[in-house]
Amino acid sequence: MVSTYRIQGATGEWEVVIGLEVHAQVTSNAKLFSGASTEFGAEPNTQVSLVDAAMPGMLPVPNRECIRQAVRTGMAIEAQINKYSRFDRKNYFYADLPQGYQISQLYHPIVGEGQLLIDADEKAGIPEDKVIGIERIHIEQDAGKLMHDQHPTMSYVDLNRCGVALMEIVSRPDMTSPAEAGAYVRKLRSILRYVGSCDGNMEEGSMRADVNVSVRKVGDSELGTRTETKNVNSVRFVMQVIEHEANRQVDLIEDGGKVVQETRLFDVASGTTRSMRSKEDAHDYRYFPDPDLLPLELEDDFLADCRSSLPELPDAKRRRYETELGLTPYNARELTAEVETFARFETLLSAAALRIGKPEAEVATQVANWALSVAPGVLKSLGAEADPAHASAGAQAAILAMQDKGEISGGQAKEIYEIVLKTGRDPEEIADTEGLKQVSDTGAIETAIDDILANNQDKVEQYKGGKDKLFGFFVGQTMKAMQGKANPAVVNQILKDKLG
Amino acid sequence: MTDLTELGIKAIREGVANGDFTAREVAEGFNAAVAAASELNAFIVATPDHALAAADAVDTKRAKGDDLGTMGGVPIGMKDLFATKGVQTTAASHILEGFEPQYESTVSQNLWDAGAGMLGKLNLDQFAMGSSNETSYFGNVVSPWRKSNGANTDMSPGGSSGGSAASVAARIVPAATGTDTGGSIRQPAAFAGITGIKPTYGRCSRWGVVAFASSLDQAGPMARSVEDCAIMLEAMAGFDPKDATSLKMEVPNWEAGLNADLKGKKIGIPKEYRMDGTDAEILESWEQGKEWLRDAGAEIVDISLPHTKYALPAYYIIAPAEASSNLARYDGVRYGLRDLPEGSGLQDMYAATRAAGFGDEVKRRVLIGTYVLSAGFYDAYYTQAQKIRTLVAQDFEKAWSQCDAILAPTTPTASFPLGSLSDDPLTMYLNDVFAVPASLAGLPAISVPAMLNSDGLPLGLQIIGKPFDEQGVLNAGLAMQQRANFDAQPEKWW
Amino acid sequence: MSVTREEVAKIASLARIRMGEDALDRMVPELNNILDWVEQLSEVDTSGVEPMTAVISNSLRLRDDVVDAIPETAGGRREDVLANAPVAEHGFFGVPKVIE
């Protein structure tokens, strides 16, 4: 089933075809071809080597870690890994490109065909899971940065980013709605962060997308002329660009105009795109193999190391959460979407299972509900009063264990967790000293129940006569008498015994 | 005392080590010779202080009894393509005028570490593009050699390492660095009656050498004898982690391995090098070379290198293509010349800077290179040229089953008067027709002076060897040197 | 193949070399002479021949992911990087204002 996203034009319905080129900064200490640091936010031009500044006679030597991360990423999208690849030069002149060429991979990229699954999301207009083809991943150098607002007649050039390793992840034009594109970027980001090959920080520019958009009449098989909007740095903006471009192109064509294949820029303030003047005549990049670098040939050992170092990936983890841990599809998806979420969950699950003394699968649902709704709820209600540093897995596991044993109720669990978050005190000590414990002492409960039954003989008779609903009345009375601290399971059991 | 400038590397090193003279005396002698030879225009800048400081360091070491290094006390000329820290490095181009690198090229650093000092930066063809040293922004280098007819015509020292060749021949330096992309060490060495070797591609680090064509550029020594070349090459070569194409191999002790006995060696004579337009005297010298090698014990065998004819045109696609990209960094932003016409933008600045900064030959090659890489032409030119390069290399591969080294002329003619070919780029390119095949295949090759022609100009002979077999090349060169007894020197007119 | 004046102008623009009318006039025949001469390469049958990738068989060496491992290729040398710049201000290179 295909997306139902359509543009309603004056002449009929249009569909949109989207391909994304995502540039992801490879997580590495040093740059792709030089020893300068990749750290974000340094003073201008302080993380620039003579190589990055393209001084005469400087030469590139590739960083193994960047190659390794690209290969691992390729493996994570089930792609073909090319044991033979080459670096090519892409030649063009710009002030952020000191060499006058970018070292990239055109003819022989390191990663070939792969794919990525975007998850069904009915609300967003993605009726079912969809596979998006990935054409290739190649490694290339990032460019420097220009500042235009520091001087009336000059632009300033900072080369700190210049030479940082990027992976360019090129999708097939398989997406047909802004929602699909958004889901693709989110899923890709999740995979990159699982793999650890990119931190996915879109605000710092660690991940940005070139968005290729074209439109065609519903039913047409030919692709329309596409535009490429460069450097879009959030999921929301990617979706806005598509909305805007699709509508702009439809209006243009319906007004008798033609879409020009061109590079465009997204203006965040207005939510619109505009033609990028500076790249107008840069279309003949004269790619050729970089003669400073030999072909890159990957050894089997290297590939085996890349593969064995891959973690469990989102799709596999989600399946396992459903089948082995018995979580609902919703919970499984929520818990596996982000690295931090599953990491916290798995730590807590393991601590709770240990504390409770049951297999993980038996406590997983309880822990998942806690992790996804109860704990975040408490944290949110406390606001600034909470110190997240107190939210240790040990403390939460202790609370969950007390709850599992029936020592505390769900409400008491929340109350205890509130105090933990505010003070960092020990949950068991809180339960004891703050009187936040359920009474499971059958003696005390029996005494209370005996009193209630004795004082309500009429209701006992009615119950025994078949008025089952009165059971709740007896429970309520008992809990009231116990000031809410009786273990409901124990109360139920004793009442059942006594009422016969 | 003998005139110290008459001495080569080995003699200087030994004299200094033995205390026959000090390194400072040597440096002073050559500094004076450099200063007196301005008419040759061999230097772009002289660096007498650098030479003296290095010499003093060697003299101090000697006083302490420390090791002086394999080049201890030898001052040399540095082709101005090697970046030298704090010393203007121009590649003989206006676009780099005034550029003072904050770094030292690996090769020059290796030489200083071996005890050598620098007399100055030597003139060359602009960005090493040229075969006559007429493309330098800093003027032509004039060969110290003149025809024996008394006409006093200024002759070309060859190129691109023209300043290196002229200064070694004129005895104003004992040795100099060169670089060879398509003959730029061997052709000027032949024109100037000196010895020059281009090692196997990857032997000498390219780090800090202004790039012309990365897949071809190799540094090498230019000196007065095979022995001196062996010593200096050993000091220059070595693995460099900063150059991804650097060979990770031990540098052999070539000097100790020198052996002119060629018994059991086969020397190939490629029939395709017998080309139309080759000077009769060149062919004679080639015959003479065969005799010398035979006399040294070698067996002479005929071989075929069938794609020889295509090597030069393939080179004139590959080298300009690489150069067009390598020279993109000269844009007026980070160093060198900036030409910013009133009111112009960034791209105008690039175009103006490069128009003003590059010489005609550089422009020609950058344009050719840009063209052959451009959309629609890439396969027809660049890919085809790289395939032919494969064929040229395969020709040599096959030849190695029949011979250990190859003997050929270095150049098709002797030196020519400055200006005589400068309007005819194609004829100029043909100068390198015998040198380029070894460059395309990355092979070691040496030019050794053989004789003077009837005009009194030197002719060189070339030995091409197997990959990594610099020793074999040096040995065959030594065998010829011993038999040629070439001791002619240009008469001093400068 | 030969190039027209317009093509040479286009190549010069791609290569960012400003060329006046005179320079173009001179360059067109020069380039055509060279291109005519290299044309002979097309007569070689290269079917089945791989283009040269590495002149001396050698594998691409990779370096370890260590910041500033070799001083000559390390960062943290802004003064050196800016030392030869025609215009450097406040730690930046200056270029004529760019409109993107």
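Biologist: Into which domains is chain A divided?

Modeller: Chain A has domain 1 (7–305), domain 2 (314–433) and domain 3 (442–499), with bounds from an automatic or database domain assignment. This is a predicted model, where local features need pLDDT of at least 70, side-chain atom pairs count only at pLDDT 80 or more, and totals for chains, interfaces and linings use all residues. Residues are numbered from 1 along each chain as its sequence is written, chains are lettered from A and ligands numbered from 1 in the order in which they are written, and side-chain values use heavy atoms, leaving out hydrogens and water.

Biologist: What area is buried between chain A and chain C?

Modeller: The size of an interface is often given as the accessible area lost when the parts come together. Here about 4,200 Å² is buried, 57% of it from carbon and sulfur atoms; this is accessible area (1.4 Å probe) lost by two parts on being put together, summed over both. A:R64, A:Y156 and A:L294 supply 14% of what chain A buries against chain C, more than any other three residues.

Biologist: Which residue forms a salt bridge with C:D64?

Modeller: A salt bridge is a side-chain nitrogen of Lys or Arg within 4 Å of a carboxyl oxygen of Asp or Glu. The partner of C:D64 is A:R64, with the closest N and O atoms 2.4 Å apart.

Biologist: How many bridges join β9(A) to strand β2 of chain C?

Modeller: Strands (E, at least two residues) are DSSP runs, numbered from the N terminus, and two of them pair if DSSP finds at least two bridges between them. β9(A) and β2 (residues 92–96) of chain C run antiparallel, joined by 4 bridges. In this pairing, A:M154 stands opposite C:P96.
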